[in-house]
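Below is a short briefing on one protein chain, grouped by topic. Please keep the sequence and the 3D view open while reading.

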Amino acid sequence: MLHGMSTSVEAATERSAAEVNEEIRALWRRSGGTLSTEQREVYQRLVLEWAAAAPQPAQAA
């Protein structure tokens, strides 16, 4: 379930990768598949937040 669509990434708010991914998907649905300049900026911030929240693969020793 989405709890409000923020337009900024806040370091204090730690969301799971799944939560951020859902917001990314919702952004694309609302845009109809073409992002405006403002939406593109939001998308870029969300992708960075998602990457930070995504589990990192284990490194081979």
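Contact here means heavy atoms within 4.5 Å. By that rule, and not counting residues up to four places away in sequence, L27 touches L35, Q39, V42, Y43 and L46. The model is a predicted one, in which local features need pLDDT of at least 70 and side-chain atom pairs count only at pLDDT 80 or more, while totals for chains, interfaces and linings use all residues. Residues are numbered from 1 along each chain as its sequence is written, and side-chain values use heavy atoms, with hydrogens and water left out.

**Overall make-up**

- The chain has 2 helices and 0 strands; these are DSSP runs, numbered from the N terminus, with helices being H or I of at least four residues and strands E of at least two.
- Of the 61 residues of the chain, 21% count as buried, where buried means under 20% relative accessible area, exposed over 50%, and partly exposed in between (1.4 Å probe, protein chains only).
- Taking contacts between residues at least 6 apart in sequence, 48% join residues at least 24 apart.

**Helix α2**

- Helix α2 covers residues 37-53, and its 17 residues should span 24 Å at 1.5 Å a residue; the end C-alpha atoms are 25 Å apart, which agrees. The expected span is 1.5 Å times one less than the number of residues.
- Three residues of α2, V42, L46 and E49, are buried. They lie on the same side of α2 because they cover an arc of only 60 degrees around the axis, the arc being that of the directions from the helix axis to the C-beta atoms.
- An α-helix has 3.6 residues a turn, so residues three or four places apart point the same way.
- T37 and L48, on the other side of α2, are exposed.
- The cover over the buried residues of α2 includes α1 (17-31).

**Between the helices**

- L27 lies in helix α1 and counts as buried, at 4% relative accessibility.
- The C-alpha atoms of L27 and R40 are separated by 9.6 Å, and the two residues are 13 residues apart along the chain.
- V47 lies in helix α2 and is partly exposed, with a relative accessible area of 31%.

**Aromatic pair**

- The structure holds 1 aromatic pair. The ring centres of W28 and Y43 are 5.6 Å apart and the planes are at 80 degrees, so the pair is edge-to-face.
- W28 lies in helix α1 and Y43 in helix α2, so the pair ties together parts that are 15 residues apart in sequence.
- Rings of Phe, Tyr and Trp (its six-membered ring) pair if their centres lie within 6.5 Å; planes under 30 degrees apart count as stacked, over 60 as edge-to-face and the rest as tilted.
- W28 is partly exposed at 33% relative accessibility, and Y43 is partly exposed with a relative accessible area of 27%.

**Polar contacts of R15**

- R15 is found in the segment before α1.
- Its side chain makes a polar contact with the side chain of E23 (2.5 Å), and the side chain of R15 makes another with the side chain of E49 (2.8 Å).
- A polar contact is a pair of N or O atoms within 3.5 Å; within protein, one must be able to donate a hydrogen and the other to accept it, and residues adjacent in sequence count only if both atoms are side-chain atoms.
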